[in-house]
Amino acid sequence: MMISIGKMAIVRASALIAGAILPIGAIAQTDLASAAEIRGQVAAMLADMKPGQGFAWRPLLRDGQRVVAIEIWKKPGRPAVHPAEAEYAVVLEGAGMLVSGGTLVGPVKRGEELVEGDRIEGGTTRPLHAGDVLLLPAGVPHEFGITGDRLVLVGTKLSVK
């Protein structure tokens, strides 16, 4: 099944888990990334990560300002809120935890669409595994934790303005 948002397509979750690694194709295409291209991008990103680097982000599909990107987490992220953007993601591989909801403590505005904090109080913690899908509404505090070697997501932010 393919989910489309305007011209931007998010490849089917089942295809994200299957497939072989092929050479990297065009980065940031506009409507489709095959399972093989996604696997190639993930492999390239892992190879490019420096020792101790906790996070990597790379655009996969692009339609103007809308972007579908691959995120690789090797260390827990900082608690964050995107005030005017919902966040949709599919876990491609690895394992982790999602803390969402509650109150962001010590908020600091880092940009128009990003507020980071010290911790989340009163949030709900849930495990994340390959194939899981998440949708975080705009304005909801969230934080990704890592329970294995890494957590790999493909996702996008959806403006609510």
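Reader: How many residues are in H2, and what does it reach from its first C-alpha to its last?
Author: This is a predicted model. In it, H2 has 14 residues and reaches 20 Å from first C-alpha to last, close to the 20 Å expected at 1.5 Å a residue.

Reader: Which residues of H2 are buried?
Author: Ala-35, Ala-36, Ile-38, Gly-40, Gln-41, Val-42, Ala-44 and Met-45.

Reader: Now the largest nonpolar core. Which residues have the most contacts inside it?
Author: Ile-38, Val-42, Leu-60, Ile-70 and Ile-72, in a core of 16 residues. The elements giving two or more residues to this core are H2 (35–48) and strands S3 (55–63), S4 (66–73), S6 (85–100) and S13 (142–159).

Reader: Different topic: Glu-71. Where does it lie?
Author: In strand S4.

Reader: Is Glu-71 buried or exposed?
Author: Buried, yet without a salt bridge. Lys-157 is the nearest side chain of opposite charge, 4.3 Å away. The cut-off for a salt bridge is 4 Å.

Reader: Which side chain does Glu-71 join through a polar contact?
Author: That of Trp-73, at 3.0 Å. Beyond four places in sequence, the contacts of Glu-71 include Phe-55, Trp-57, Glu-87 and Lys-157.

Definitions and conventions: Residues numbered from 1 in each chain as written. Predicted model: local features only at pLDDT ≥ 70, side-chain atom pairs only at ≥ 80, totals over all residues. Heavy atoms only, no water. Core = buried A, V, L, I, M, F, W, Y, C linked by side-chain atoms within 4.5 Å. Buried < 20%, exposed > 50% of the residue type's maximum accessible area, 1.4 Å probe, protein only. Helix = DSSP H or I, 4+ residues; strand = E, 2+ residues; numbered from the N terminus. Expected span 1.5 Å × (residues − 1). Lys, Arg positive; Asp, Glu negative; His and termini not counted. Polar contact = N/O pair within 3.5 Å; in protein donor to acceptor, adjacent residues only side chain to side chain. Contact = heavy atoms within 4.5 Å.
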